[in-house]
Amino acid sequence: MQIKKSLIAEHNDLNCSEHQRRFEWASTRIANCDSIVARVAAFQITIPSWALGTGGTRFGRFAGSGEPRTLLEKIDDVGLLHAINRSCGSISLHIPWDSVDDAYSVRTRASSHGLQFDAVNSNTFQDQPSQPLSYKFGSLSHVDKAVRNQAVEHNIETIRQGELVGSKALTLWLSDGSCFPGQIDFRRSFERTLESMKQIYRALPADWKMYIEYKAFEPNMYSMTVGDWGYSHMFASKLGKQALTLVDLGHHLPSANIEQIVAILMMEGKLAGFHFNDSKYGDDDLTVGSINPYQLFLVFCELVRGMDEQKMDHARDLGWMIDASHNVKDPLEDLLQSVEAIQIAYTQALIVDSQALFQAQEASDPVAAQEVLQAAFRTDVRPIVAEARRRAGGALRPIEFFRSMNVRANLIGERGSLTRSTGL
Ligand code: AFD
Ligand code: MN
Ligand code: MN
(Lines give C-alpha, C1' and ligand atoms only; values in the text may rest on other atoms or scores of the structure.)
(Ligands and ions follow the chains in the order given, each with its own letter.)
Protein backbone atom coordinates (compact mmCIF):
# COMPACT_ATOMS: atom_id res chain seq x y z
CA MET A 1 0.00 0.00 0.00
CA GLN A 2 1.25 3.46 -0.92
CA ILE A 3 0.16 6.63 0.84
CA LYS A 4 -0.47 9.35 -1.74
CA LYS A 5 0.65 12.85 -0.80
CA SER A 6 -2.69 14.21 -2.00
CA LEU A 7 -4.50 12.14 0.66
CA ILE A 8 -2.33 13.60 3.39
CA ALA A 9 -2.99 17.09 2.01
CA GLU A 10 -6.77 16.41 2.06
CA HIS A 11 -6.58 15.19 5.65
CA ASN A 12 -4.57 18.24 6.65
CA ASP A 13 -7.02 20.60 4.95
CA LEU A 14 -9.87 19.06 6.91
CA ASN A 15 -8.04 19.56 10.20
CA CYS A 16 -6.35 22.82 9.31
CA SER A 17 -8.44 25.50 11.05
CA GLU A 18 -8.57 23.71 14.39
CA HIS A 19 -4.81 23.05 14.19
CA GLN A 20 -4.04 26.63 13.22
CA ARG A 21 -5.88 27.95 16.27
CA ARG A 22 -4.08 25.60 18.63
CA PHE A 23 -0.69 26.21 17.06
CA GLU A 24 -1.02 30.00 17.21
CA TRP A 25 -1.97 29.79 20.87
CA ALA A 26 1.10 27.65 21.59
CA SER A 27 3.46 29.71 19.48
CA THR A 28 2.65 32.93 21.30
CA ARG A 29 3.65 31.29 24.58
CA ILE A 30 6.80 29.50 23.49
CA ALA A 31 10.00 31.37 22.71
CA ASN A 32 11.77 30.48 19.44
CA CYS A 33 8.81 28.42 18.35
CA ASP A 34 9.90 28.16 14.72
CA SER A 35 13.33 26.82 15.56
CA ILE A 36 11.74 24.28 17.91
CA VAL A 37 9.39 23.13 15.16
CA ALA A 38 12.39 22.70 12.87
CA ARG A 39 14.29 20.65 15.45
CA VAL A 40 11.31 18.39 16.07
CA ALA A 41 10.87 17.86 12.33
CA ALA A 42 14.55 16.91 11.98
CA PHE A 43 14.42 14.40 14.83
CA GLN A 44 14.05 10.89 13.38
CA ILE A 45 13.24 7.73 15.30
CA THR A 46 14.33 4.29 14.16
CA ILE A 47 11.80 1.49 13.96
CA PRO A 48 13.03 -2.00 14.89
CA SER A 49 12.05 -4.67 12.40
CA TRP A 50 10.67 -6.83 15.24
CA ALA A 51 8.10 -4.25 16.37
CA LEU A 52 6.05 -4.60 13.20
CA GLY A 53 4.38 -7.80 14.31
CA THR A 54 2.57 -8.72 17.51
CA GLY A 55 5.05 -9.29 20.30
CA GLY A 56 3.23 -11.79 22.45
CA THR A 57 4.32 -13.04 25.83
CA ARG A 58 5.61 -16.38 27.05
CA PHE A 59 1.97 -17.31 27.70
CA GLY A 60 0.78 -16.76 24.20
CA ARG A 61 0.70 -14.64 21.15
CA PHE A 62 -2.45 -13.22 19.66
CA ALA A 63 -1.24 -12.59 16.15
CA GLY A 64 -2.55 -9.63 14.27
CA SER A 65 -3.38 -9.78 10.60
CA GLY A 66 -1.58 -8.51 7.56
CA GLU A 67 1.76 -8.60 9.37
CA PRO A 68 4.86 -8.28 7.16
CA ARG A 69 6.09 -11.68 5.97
CA THR A 70 9.47 -10.68 4.61
CA LEU A 71 12.17 -8.10 5.15
CA LEU A 72 10.91 -6.14 2.15
CA GLU A 73 7.42 -6.02 3.67
CA LYS A 74 8.88 -4.87 6.99
CA ILE A 75 10.61 -2.06 5.11
CA ASP A 76 7.27 -1.24 3.47
CA ASP A 77 5.61 -0.98 6.89
CA VAL A 78 8.24 1.46 8.12
CA GLY A 79 7.77 3.32 4.82
CA LEU A 80 4.06 3.66 5.64
CA LEU A 81 4.84 5.07 9.07
CA HIS A 82 7.35 7.48 7.59
CA ALA A 83 4.90 8.64 4.93
CA ILE A 84 2.35 9.38 7.65
CA ASN A 85 4.54 11.14 10.23
CA ARG A 86 7.80 11.90 8.33
CA SER A 87 9.68 10.96 11.52
CA CYS A 88 10.51 7.26 11.06
CA GLY A 89 13.35 7.60 8.59
CA SER A 90 15.22 4.41 9.47
CA ILE A 91 14.88 0.75 10.30
CA SER A 92 16.99 -1.48 12.53
CA LEU A 93 17.55 -5.07 11.39
CA HIS A 94 17.95 -8.14 13.55
CA ILE A 95 20.18 -10.90 12.15
CA PRO A 96 19.36 -13.69 11.28
CA TRP A 97 15.65 -12.79 11.47
CA ASP A 98 16.22 -10.21 8.73
CA SER A 99 19.04 -11.82 6.77
CA VAL A 100 20.00 -9.61 3.87
CA ASP A 101 20.03 -12.11 0.99
CA ASP A 102 19.60 -9.62 -1.79
CA ALA A 103 21.20 -6.37 -0.68
CA TYR A 104 20.32 -4.54 -3.89
CA SER A 105 16.55 -5.07 -3.54
CA VAL A 106 16.68 -4.33 0.18
CA ARG A 107 18.50 -1.05 -0.35
CA THR A 108 16.36 -0.08 -3.33
CA ARG A 109 13.14 -0.76 -1.43
CA ALA A 110 14.35 1.29 1.54
CA SER A 111 15.40 4.26 -0.54
CA SER A 112 12.08 4.20 -2.40
CA HIS A 113 10.55 5.07 0.98
CA GLY A 114 13.35 7.49 1.93
CA LEU A 115 14.62 5.11 4.64
CA GLN A 116 18.08 4.40 5.98
CA PHE A 117 19.46 1.50 8.02
CA ASP A 118 20.32 2.13 11.64
CA ALA A 119 22.21 -0.26 13.95
CA VAL A 120 22.13 -4.00 13.13
CA ASN A 121 21.38 -6.36 16.01
CA SER A 122 23.00 -9.74 16.46
CA ASN A 123 21.16 -12.63 18.05
CA THR A 124 22.91 -15.07 20.35
CA PHE A 125 19.94 -15.46 22.68
CA GLN A 126 18.31 -18.15 20.55
CA ASP A 127 19.59 -21.24 18.81
CA GLN A 128 19.08 -21.23 15.05
CA PRO A 129 18.26 -24.51 13.26
CA SER A 130 21.49 -24.46 11.25
CA GLN A 131 23.72 -23.79 14.23
CA PRO A 132 26.00 -26.58 15.55
CA LEU A 133 26.45 -25.44 19.17
CA SER A 134 23.85 -24.26 21.68
CA TYR A 135 23.62 -20.96 23.56
CA LYS A 136 21.63 -22.53 26.37
CA PHE A 137 24.46 -21.76 28.82
CA GLY A 138 25.65 -18.55 27.24
CA SER A 139 27.26 -17.19 24.09
CA LEU A 140 30.13 -14.71 24.39
CA SER A 141 30.65 -15.79 28.01
CA HIS A 142 30.30 -19.55 27.50
CA VAL A 143 32.82 -21.82 29.22
CA ASP A 144 33.44 -23.64 25.92
CA LYS A 145 35.65 -21.65 23.56
CA ALA A 146 34.00 -23.25 20.54
CA VAL A 147 30.64 -21.76 21.54
CA ARG A 148 32.25 -18.37 22.14
CA ASN A 149 33.86 -18.51 18.71
CA GLN A 150 30.57 -19.36 17.08
CA ALA A 151 28.96 -16.33 18.78
CA VAL A 152 31.86 -14.07 17.78
CA GLU A 153 31.57 -15.29 14.18
CA HIS A 154 27.87 -14.56 14.19
CA ASN A 155 28.52 -10.99 15.33
CA ILE A 156 31.11 -10.52 12.61
CA GLU A 157 28.64 -11.87 10.06
CA THR A 158 26.05 -9.41 11.42
CA ILE A 159 28.47 -6.54 10.83
CA ARG A 160 29.03 -7.79 7.29
CA GLN A 161 25.29 -7.83 6.61
CA GLY A 162 24.99 -4.36 8.09
CA GLU A 163 27.70 -3.13 5.73
CA LEU A 164 25.69 -4.41 2.78
CA VAL A 165 22.88 -1.99 3.59
CA GLY A 166 24.90 0.95 4.95
CA SER A 167 24.46 0.52 8.72
CA LYS A 168 27.04 2.16 10.94
CA ALA A 169 26.58 0.36 14.25
CA LEU A 170 26.29 -3.07 15.78
CA THR A 171 24.01 -3.52 18.80
CA LEU A 172 25.03 -6.25 21.16
CA TRP A 173 22.41 -7.45 23.58
CA LEU A 174 23.49 -10.55 25.48
CA SER A 175 21.16 -12.79 27.38
CA ASP A 176 24.19 -14.47 29.02
CA GLY A 177 24.11 -14.96 32.77
CA SER A 178 22.84 -17.51 35.23
CA CYS A 179 19.58 -18.67 36.75
CA PHE A 180 20.97 -20.05 40.02
CA PRO A 181 23.57 -19.11 42.62
CA GLY A 182 26.82 -20.92 41.98
CA GLN A 183 25.95 -21.72 38.36
CA ILE A 184 28.73 -19.54 36.96
CA ASP A 185 31.87 -17.83 38.13
CA PHE A 186 31.03 -14.11 37.79
CA ARG A 187 34.61 -12.98 37.26
CA ARG A 188 35.60 -15.65 34.73
CA SER A 189 32.35 -15.06 32.91
CA PHE A 190 33.06 -11.30 32.69
CA GLU A 191 36.59 -11.94 31.44
CA ARG A 192 35.48 -14.40 28.79
CA THR A 193 32.81 -11.95 27.61
CA LEU A 194 35.38 -9.16 27.36
CA GLU A 195 37.72 -11.41 25.39
CA SER A 196 34.94 -12.27 22.93
CA MET A 197 33.86 -8.63 22.64
CA LYS A 198 37.45 -7.67 21.83
CA GLN A 199 37.42 -10.03 18.87
CA ILE A 200 34.19 -8.47 17.59
CA TYR A 201 35.54 -4.98 18.22
CA ARG A 202 38.60 -5.74 16.11
CA ALA A 203 36.29 -6.62 13.22
CA LEU A 204 34.39 -3.35 13.50
CA PRO A 205 34.88 -1.00 10.51
CA ALA A 206 36.59 2.26 11.47
CA ASP A 207 33.48 4.39 11.00
CA TRP A 208 31.22 2.02 12.99
CA LYS A 209 30.13 2.05 16.61
CA MET A 210 29.45 -0.87 18.90
CA TYR A 211 26.42 -0.37 21.18
CA ILE A 212 26.48 -2.48 24.33
CA GLU A 213 22.97 -2.89 25.71
CA TYR A 214 22.44 -3.97 29.30
CA LYS A 215 19.56 -5.64 31.06
CA ALA A 216 19.09 -6.42 34.75
CA PHE A 217 17.13 -9.66 34.46
CA GLU A 218 15.47 -12.02 31.98
CA PRO A 219 16.00 -14.47 30.43
CA ASN A 220 18.54 -15.26 33.13
CA MET A 221 16.95 -14.65 36.48
CA TYR A 222 19.82 -14.75 38.97
CA SER A 223 22.56 -12.81 37.19
CA MET A 224 23.03 -11.13 33.83
CA THR A 225 26.57 -10.75 32.52
CA VAL A 226 25.82 -7.26 31.19
CA GLY A 227 23.33 -6.53 33.96
CA ASP A 228 23.44 -2.77 34.28
CA TRP A 229 25.04 0.40 32.93
CA GLY A 230 28.12 -0.17 35.12
CA TYR A 231 29.02 -3.48 33.46
CA SER A 232 28.24 -2.09 30.03
CA HIS A 233 30.37 0.97 30.72
CA MET A 234 33.26 -1.20 31.91
CA PHE A 235 33.14 -3.30 28.75
CA ALA A 236 32.84 -0.19 26.58
CA SER A 237 35.73 1.57 28.31
CA LYS A 238 38.01 -1.45 28.05
CA LEU A 239 37.16 -1.92 24.37
CA GLY A 240 37.80 1.62 23.19
CA LYS A 241 36.32 4.73 21.63
CA GLN A 242 33.94 3.02 19.24
CA ALA A 243 32.19 1.11 22.03
CA LEU A 244 29.36 2.84 23.89
CA THR A 245 26.55 2.05 26.32
CA LEU A 246 23.01 1.66 25.04
CA VAL A 247 20.15 2.43 27.43
CA ASP A 248 16.88 0.55 27.04
CA LEU A 249 14.29 2.20 29.28
CA GLY A 250 12.79 -1.16 30.30
CA HIS A 251 16.01 -2.85 31.33
CA HIS A 252 16.48 -1.48 34.84
CA LEU A 253 15.55 -2.64 38.28
CA PRO A 254 12.40 -0.93 39.61
CA SER A 255 12.79 2.75 40.52
CA ALA A 256 16.24 3.15 38.96
CA ASN A 257 17.02 6.78 38.25
CA ILE A 258 17.47 6.47 34.50
CA GLU A 259 17.85 10.20 33.90
CA GLN A 260 20.86 10.29 36.22
CA ILE A 261 22.44 7.32 34.42
CA VAL A 262 21.94 9.15 31.13
CA ALA A 263 23.43 12.39 32.44
CA ILE A 264 26.62 10.73 33.64
CA LEU A 265 27.11 8.52 30.57
CA MET A 266 26.74 11.61 28.40
CA MET A 267 29.22 13.53 30.47
CA GLU A 268 31.70 10.71 29.89
CA GLY A 269 30.98 10.64 26.14
CA LYS A 270 29.88 7.03 26.50
CA LEU A 271 26.18 7.11 25.70
CA ALA A 272 25.31 5.30 22.45
CA GLY A 273 21.64 6.08 22.40
CA PHE A 274 18.27 4.73 23.38
CA HIS A 275 15.76 1.99 23.10
CA PHE A 276 12.46 3.67 24.00
CA ASN A 277 9.50 1.85 25.51
CA ASP A 278 7.51 2.06 28.72
CA SER A 279 6.86 -0.29 31.59
CA LYS A 280 5.13 -0.65 34.90
CA TYR A 281 6.82 -3.77 36.26
CA GLY A 282 9.81 -4.93 34.24
CA ASP A 283 10.78 -5.16 30.60
CA ASP A 284 7.14 -4.67 29.63
CA ASP A 285 7.89 -3.17 26.20
CA LEU A 286 4.71 -1.07 26.26
CA THR A 287 4.00 1.98 24.14
CA VAL A 288 6.37 4.86 24.89
CA GLY A 289 4.77 7.41 27.20
CA SER A 290 1.83 5.19 28.10
CA ILE A 291 2.81 4.67 31.76
CA ASN A 292 5.38 7.21 32.85
CA PRO A 293 5.64 10.23 30.55
CA TYR A 294 7.23 12.35 33.28
CA GLN A 295 10.23 10.03 33.49
CA LEU A 296 10.58 10.19 29.72
CA PHE A 297 10.52 13.98 29.90
CA LEU A 298 13.20 14.01 32.63
CA VAL A 299 15.36 11.69 30.53
CA PHE A 300 14.99 14.06 27.58
CA CYS A 301 15.89 17.04 29.76
CA GLU A 302 19.23 15.37 30.51
CA LEU A 303 19.70 14.38 26.89
CA VAL A 304 19.04 17.87 25.56
CA ARG A 305 21.25 19.58 28.14
CA GLY A 306 24.00 16.98 27.71
CA MET A 307 23.92 17.24 23.91
CA ASP A 308 23.90 21.04 24.00
CA GLU A 309 26.82 21.20 26.41
CA GLN A 310 28.81 18.96 24.08
CA LYS A 311 27.57 20.76 20.96
CA MET A 312 26.10 17.57 19.58
CA ASP A 313 23.61 17.33 16.74
CA HIS A 314 20.35 16.24 18.37
CA ALA A 315 19.14 14.37 15.34
CA ARG A 316 22.32 12.55 14.38
CA ASP A 317 24.84 12.06 17.14
CA LEU A 318 22.99 9.49 19.25
CA GLY A 319 20.93 6.46 18.25
CA TRP A 320 17.18 6.87 18.79
CA MET A 321 15.15 3.72 18.51
CA ILE A 322 11.87 2.32 19.72
CA ASP A 323 12.10 -1.16 21.24
CA ALA A 324 8.55 -2.09 22.11
CA SER A 325 6.11 -4.72 20.97
CA HIS A 326 3.29 -6.41 22.78
CA ASN A 327 0.10 -8.35 22.43
CA VAL A 328 -2.88 -6.04 22.16
CA LYS A 329 -2.53 -3.06 19.81
CA ASP A 330 -2.13 -2.85 16.07
CA PRO A 331 1.70 -2.63 15.87
CA LEU A 332 1.65 0.25 13.40
CA GLU A 333 -0.79 2.32 15.46
CA ASP A 334 1.31 1.53 18.52
CA LEU A 335 4.44 2.79 16.78
CA LEU A 336 2.71 6.01 15.68
CA GLN A 337 1.77 6.61 19.31
CA SER A 338 5.30 5.84 20.53
CA VAL A 339 6.87 8.22 18.04
CA GLU A 340 4.49 10.98 19.05
CA ALA A 341 5.24 10.40 22.75
CA ILE A 342 8.97 10.70 22.07
CA GLN A 343 8.45 13.90 20.10
CA ILE A 344 6.30 15.38 22.86
CA ALA A 345 8.92 14.63 25.53
CA TYR A 346 11.68 16.01 23.29
CA THR A 347 9.71 19.20 22.63
CA GLN A 348 8.94 19.68 26.30
CA ALA A 349 12.64 19.30 27.10
CA LEU A 350 13.47 21.90 24.43
CA ILE A 351 11.19 24.47 26.06
CA VAL A 352 12.63 24.11 29.56
CA ASP A 353 13.94 27.48 30.74
CA SER A 354 17.47 26.17 31.29
CA GLN A 355 18.76 29.50 32.53
CA ALA A 356 16.14 29.59 35.28
CA LEU A 357 16.81 25.94 36.12
CA PHE A 358 20.51 26.63 36.42
CA GLN A 359 19.83 29.57 38.72
CA ALA A 360 17.55 27.47 40.91
CA GLN A 361 20.24 24.81 41.17
CA GLU A 362 22.93 27.34 42.02
CA ALA A 363 20.65 28.83 44.68
CA SER A 364 19.85 25.37 46.13
CA ASP A 365 16.19 26.14 45.51
CA PRO A 366 14.32 22.87 44.80
CA VAL A 367 10.96 24.66 44.75
CA ALA A 368 12.02 26.95 41.92
CA ALA A 369 13.61 24.01 40.07
CA GLN A 370 10.36 22.06 40.21
CA GLU A 371 8.41 25.08 38.96
CA VAL A 372 10.70 25.36 35.95
CA LEU A 373 10.54 21.66 35.04
CA GLN A 374 6.82 21.31 35.53
CA ALA A 375 6.04 24.50 33.64
CA ALA A 376 7.54 22.77 30.59
CA PHE A 377 6.08 19.34 31.32
CA ARG A 378 2.55 20.66 31.74
CA THR A 379 2.63 22.66 28.50
CA ASP A 380 0.57 21.08 25.76
CA VAL A 381 3.15 20.90 22.97
CA ARG A 382 1.08 18.64 20.71
CA PRO A 383 0.29 21.50 18.27
CA ILE A 384 4.06 22.06 17.86
CA VAL A 385 4.66 18.40 17.11
CA ALA A 386 1.72 18.41 14.66
CA GLU A 387 3.08 21.53 12.97
CA ALA A 388 6.51 19.89 12.62
CA ARG A 389 4.81 16.94 10.94
CA ARG A 390 2.74 19.18 8.67
CA ARG A 391 5.76 21.20 7.52
CA ALA A 392 7.62 17.96 6.75
CA GLY A 393 4.71 16.69 4.64
CA GLY A 394 3.13 14.39 7.23
CA ALA A 395 -0.38 14.10 8.60
CA LEU A 396 -1.65 16.39 11.34
CA ARG A 397 -3.34 13.48 13.13
CA PRO A 398 -1.47 10.26 12.38
CA ILE A 399 -3.77 7.76 14.09
CA GLU A 400 -6.92 9.29 12.61
CA PHE A 401 -5.29 9.33 9.21
CA PHE A 402 -4.15 5.70 9.56
CA ARG A 403 -7.68 4.62 10.45
CA SER A 404 -9.41 6.71 7.81
CA MET A 405 -7.17 5.14 5.15
CA ASN A 406 -8.04 1.62 6.37
CA VAL A 407 -4.33 0.82 6.27
CA ARG A 408 -4.62 -2.46 8.15
CA ALA A 409 -7.52 -3.68 6.01
CA ASN A 410 -5.44 -2.89 2.93
CA LEU A 411 -2.46 -4.79 4.29
CA ILE A 412 -4.66 -7.79 5.08
CA GLY A 413 -5.95 -7.61 1.52
CA GLU A 414 -2.39 -7.68 0.18
CA ARG A 415 -0.84 -10.18 2.59
CA GLY A 416 -3.69 -12.21 4.00
CA SER A 417 -4.96 -12.48 7.54
CA LEU A 418 -2.87 -15.41 8.71
CA THR A 419 0.53 -13.81 8.28
CA ARG A 420 3.15 -13.92 10.95
CA SER A 421 6.05 -11.56 11.14
CA THR A 422 9.39 -13.38 11.09
CA GLY A 423 11.46 -13.42 14.26
CA LEU A 424 8.79 -13.17 16.91
C1 AFD B 1 15.52 -7.50 23.95
C2 AFD B 1 16.44 -6.30 23.94
C3 AFD B 1 17.18 -6.13 22.68
C4 AFD B 1 16.86 -7.18 21.70
C5 AFD B 1 15.39 -7.39 21.53
C6 AFD B 1 15.07 -8.56 20.66
O7 AFD B 1 15.79 -5.16 24.37
O8 AFD B 1 17.20 -4.86 22.18
O9 AFD B 1 17.51 -7.01 20.51
O10 AFD B 1 14.74 -7.55 22.78
O11 AFD B 1 13.73 -8.86 20.60
O12 AFD B 1 14.72 -7.48 25.09
MN1 MN C 1 16.34 -3.13 23.66
MN1 MN D 1 13.97 -5.40 26.15
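**Reading the model**

Mentor: Start with the ligand. Keep in mind that this is a predicted model. Ligand 1 is surrounded by W50, N121, W173, E213, D248, H275, D283 and D323.

Trainee: How many residues of the shell around ligand 1 are nonpolar, polar and charged?

Mentor: Sort them by side chain. The shell divides into 2 nonpolar, 2 polar and 4 charged residues.

Trainee: Next, the interior. What should I look for?

Mentor: Here is the general idea. In soluble globular proteins, nonpolar side chains tend to be buried together. Now the case here. The largest nonpolar core holds 106 residues, and Y211, F300 and A349 have the most contacts inside it. Helix α10, residues 331-350, gives the largest share of this core, 11 residues.

Trainee: Which residues does F300 contact, leaving aside its neighbours within four places in sequence?

Mentor: F300 is in contact with A345, Y346 and A349.

Trainee: How do I read a helix? Take α2. Which of its residues are buried?

Mentor: In α2, residues 33-42, the buried ones are I36, V37, V40 and A41. They cover an arc of only 135 degrees around the axis, so they sit on the same side of α2. On the other side of α2, D34 and S35 are exposed.

Trainee: What covers the buried residues of α2?

Mentor: The cover includes α10 and α13, the latter being residues 382-391.

Trainee: And strands? Which faces of β5 are covered?

Mentor: General idea again. In a regular strand the side chains alternate between the two faces of the sheet. Now look at β5, residues 169-173, where 5 of its 5 residues are buried. Both faces of β5 are covered. A169, T171 and W173 are buried on one side, and L170 and L172 on the other.

Trainee: Which strands pair with β5?

Mentor: Take β4 and β7. Strand β4, residues 120-121, runs parallel to β5 and is joined to it by 2 bridges. There, N121 has T171 as its bridge partner. β5 and β7 also pair in the parallel sense, over 5 bridges. In that pairing, A169 has K209 of β7 as its partner.

Trainee: Now the backbone. Where are cis peptide bonds found?

Mentor: Check omega. The bond from I95 to P96 is cis, with omega near 15 degrees. P96 is in the loop between β2 and α4. Another cis bond joins E218 and P219, with omega about 5 degrees. P219 is in the loop between β7 and β8.

Trainee: What is phi at E218?

Mentor: Phi of E218 is near 75 degrees, a positive value in a residue other than glycine. E218 has 14 C-beta neighbours inside 10 Å, so it counts as partly exposed.

Trainee: Is S255 buried or exposed?

Mentor: S255 has 6 other C-beta atoms within 10 Å, so it is exposed; the cut-off for exposed is 12 or fewer. Phi of S255 is near 70 degrees, again a positive value in a residue other than glycine. S255 lies in the loop between β9 and α8.

Notes: Residues are numbered from 1 along each chain as its sequence is written. Chains are lettered from A and ligands numbered from 1 in the order in which they are written. This is a predicted model: local features need pLDDT of at least 70, side-chain atom pairs count only at pLDDT 80 or more; totals for chains, interfaces and linings use all residues. A residue is near a molecule or strand if its C-beta atom, placed from the backbone, lies within 6 Å of it. Ala, Val, Leu, Ile, Met, Phe, Trp, Tyr, Cys and Pro count as nonpolar, Asp, Glu, Lys and Arg as charged, and the others, Gly among them, as polar. A nonpolar core is a set of buried Ala, Val, Leu, Ile, Met, Phe, Trp, Tyr and Cys residues joined through C-beta atoms within 7 Å. A residue is buried if 20 or more other C-beta atoms lie within 10 Å of its own, exposed if 12 or fewer, and partly exposed in between; C-beta atoms are placed from the backbone. Helices (H or I, at least four residues) and strands (E, at least two) are DSSP runs, numbered from the N terminus. Two residues are in contact if their C-beta atoms, placed from the backbone, lie within 7 Å. The arc is that of the directions from the helix axis to the C-beta atoms. Two strands pair if DSSP finds at least two bridges between them.
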